[in-house]
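Here are my notes for a colleague who has the coordinates open. Please read them beside the structure.

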Amino acid sequence: MSKRILIIDDEDDIREIVEIALQQTAGWQTLAAGAAAEGLARARAELPDAILLDVSMPDMDGVTALGHLKADEQTAAIPVILLTATVRVALVAQARYAAGVILKPFDPLTLARQVSEMLGWDSSGRESLDSGKSQGVHGPLGANGPRTPPIL
Amino acid sequence: MNDQGVGASPPSSRRLRLLMIEDDAADVDLTLRELKRAGFEVEADVIQTPGEFDRALDKASYDVVLCDYTLPGWTGLDAAFELRKRKFYVPFILLSGTLGEEAAVDCIKQGVSDYVLKDRLSRLPLALDRAFQEQELRRARAQAEHEVRQRERHFRALIENSSDGIALVDPDGMVLPSTPATAAVLGCSLTDRQDRNVFDLIHPEDRLKAQEIFADILAEPSWAVPFQLRCRHRDGSWRWVEGVGQNLLAEPSVQAVVIHYRDITHRKEQESEIRRLNEGLELIVAERTAELEATNRELERKITEQKMAEEALANLQKNTELILNSAGDGILRVDVDGKCTFANVAAARMLGYSQEEFLGRDLRAIGLYTAPGEADGAGFRPVSRAAHTLGLYAPSVRRTENQVIRRRDGSAIHVDTSITSILERGQVAGAVLTLRDESERRAMEKMKDEFVSVVSHELRTPLTAIRGSLGLLAAGELAQQPGPARRMVEIAVNNADRLVRLVNDILDSVRLESESVILTRQTCSAPELALQAAELMRPMAGSAGVCLEVDAQPVIFSANPDGILQVLTNLLSNAIKFSPRGSVVRLESGSDNGNVLFRVIDQGPGIPPDKLESIFGRFQPVDASESRRRGGTGLGLSICRSIAHHHGGQIWAESEMGHGSTFVMSLPAELPESHEGVVSNGAFKCPNATD
């Protein structure tokens, strides 16, 4: 069963990468929006299975967008995963409304699996290179990333 | 008769009282008649006897006595003799019948004035006249002699009674016979000084002076020349002598140099004694004065010291107040009762009260602290009283960080407080409360946090793209899809570039933000830099279809050329990015009022007025996604502004929506001391450009 994922991120390149990653590794369908407003509209229109939401967007930050999504009964049920390059205490608090938080830079090969795990879907697609990660928040790869407080 | 001793004056106007001694009446008649005939008015007493003679003389005075030579029992000579005995000096004329020559002479010798022969009575008036004349002469002579004698006596009295000595000296200084007084003064006998020279008596030290004085005396006979010298007394001692000397050599009665002198030794001694006493007195007075002066000076010094001490104290107080009032932190002093006794300017400012309003107020009343556990209505927990108390009774510094204190207007201020108690002679006398305004620091930290978070985000974004794209490629996911694969490579490359730019800009931005950065300056030419910037941006302009125009006036200024170039290229880059194809971007340079100006003018969409200022902030583009899409880092304009500020200049934007934008940079020209060289205009226009 193929999922339909809506990516809302103002960075063109990142949208492209996410789409390709999800398509290639999980075979999912992707929808993309370059701004929060557009994203909200598409969410209502397309009712995707999940939304990947960038937090820092110029016109409306992701947390506010999240609020709107949850406030709108049409979209309230759609699980939302926050994508962000910054870790903040407030952000973590808001994660109550989000199904999860994924930090940038992320590993494109494991992205789909992370999403599946967060949302409780069956693992689909091929085996990822990395295994054993089943936290709610997946930290960035590499030794020099900031410390990630484990949150659930 | 008349007064004794002096002859009577002859009768005036021919009146005559006559005493006639004649026994022959006929002779009397004849005589009287003769006298009458001569014009005399005669009053005659005639007598014969000596007894009558005596009586007559006793009772009356006569002008003349006429006497017959031959008288009964006596002679005229006897009468004359008697007269002379009585010292009556009246003319006595003998009348005689016959008188021999010898007898006549005898009579004259006896003092008879004259004799007249009776048969020659006509001679009588003549004889009378002559006798009167003689009498007058005699009288005058007697008078004169009397006067001379009187003068002599006066003179002698003066001399002999004078205490001054008088010495008579000849032109060589030899002493001539002297006066008794001289002898007394010099203690020698009257004869003692003969054959002595006066100069021998004079003190050797005064001798030269004496000779000079003596020469003066001799030279001017009309002068009395004063002197004062020491002379040797007979007893060998030296006496001070004062006097006058006068040359009277030409005076016949003197014929000497007269020297009057007196002993002034005693006076001199007295004078010197007085002088000595005076000096002694002066010494005492001087000593006393010196003592007084010293005391005075001491007093003055003490007063000055005190004044200086007071001044120093006042200065110290002023300085202390100055220091306290210049301190950036708020400083408050409370007494043991917790009442404020001093608040510095910073404290007043921080809390919104005036300095005076603090005085005497309990700090609790102004909300500076509350009882422990108590919070005021707004939920603030100011400095706790416990802390205050602790400060008062425990002599140590107690620090409380990050208090939120309520200001007078109700707003909150973050402060860092510390309390120290004041000890005076071992007793707690109060406490000092220090307030450090943390607001700015917190604001700064907040800004820093934000910056870090934004930078972190900005860096992670391209890193995410690179990681993602390369990750997919590396895993071979796109091995069968060359299109997407190529796309991934592109993404990696682009984002790597972007990362480079970002890192550069971030470093620039942070570096410029630090005030210790010094941009080295040199002489720059505006046209040169403008043309250089235009050259660098030409390829970008070309591919964007935008035409670059440069119009640069020759201006020389002092600046960091790389920095200016960076600004110009940045502004041009922005202008090009936001200009539609076919439009013109102009770069102008000129001068205005000692400043050099650069303008970049584009025909893009313009900037909304509320963003005209904020775009110069970090990561504050007009349209973020648009900017990022065009490769902007979000730091360009803030870097431009930092560079402008480092040159002491300004940069700003002017724009109207829909009518393009103009970015202006103005720098002080600050020409270096000497500059030689010619600067030419830099200008060119685009071909086919529409203005």
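Is A:L47 buried, partly exposed or exposed, and how many other C-beta atoms lie within 10 Å? Point 1 takes this up.

1. This is a predicted model, so please read the backbone remarks with that in mind. A:L47 has 13 other C-beta atoms within 10 Å. Exposed needs 12 or fewer and buried 20 or more, so A:L47 is partly exposed. Its phi is near 45°, a positive value in a residue other than glycine. A:L47 sits in the loop between α2 (36–46) and β3 (50–54) of chain A.

2. B:N593 also deserves a look. Its phi is positive, about 60°, and B:N593 is not a glycine. The residue belongs to the loop between β23 (584–592) and β24 (595–602) of chain B. B:N593 has 8 C-beta neighbours inside 10 Å, so it counts as exposed.

3. Check the peptide between A:K104 and A:P105. The bond is cis, with omega about -5°. A:P105 lies in the loop between β5 (100–103) and α5 of chain A.

4. Next, a sheet in chain B. It is open, has 5 strands and runs in the order β9-β8-β12-β11-β10, with antiparallel pairing. The edges are β9 (175–176) and β10 (224–232) of chain B, each of which pairs on one side only. Helix α7 (204–219) of chain B lies across β10, β11 (238–248) and β12 (256–263) of that chain. The helix runs at about 150° to β10(B).

5. Strand β8 of chain B covers residues 165–169. To β12(B) it is joined by 5 bridges, antiparallel; B:G165 has B:Y261 as its bridge partner there. To β9(B) it is joined by 2 bridges, again antiparallel. In β9(B), B:L176 is the partner of B:L168, and B:V175 is the partner of B:V169.

6. The faces of β8(B) can be told apart. B:G165, B:A167 and B:V169 form the covered face. B:I166 and B:L168 form the uncovered one. The hairpin of β8(B) and β9(B) has 5 residues between the strands. In this hairpin B:G173 takes a positive phi near 95°.

7. Last, the contact between the chains. Chain A brings 24 residues and chain B brings 24 residues. On the chain A side, α1 (12–26) and α5 (108–119) each supply at least two residues. Helix α1(A) gives the most, with 9 residues. By class, the chain A side that touches chain B holds 12 nonpolar, 5 polar and 7 charged residues.

Notes
Residues numbered from 1 in each chain as written. Chains lettered and ligands numbered in written order. Predicted model: local features only at pLDDT ≥ 70, side-chain atom pairs only at ≥ 80, totals over all residues. Pairing = 2+ DSSP bridges. Helix = DSSP H or I, 4+ residues; strand = E, 2+ residues; numbered from the N terminus. Contact = placed C-beta atoms within 7 Å. Axes fitted to C-alpha atoms, helices over the stretch in contact; angles between N-to-C directions. Nonpolar A, V, L, I, M, F, W, Y, C, P; charged D, E, K, R; others polar.
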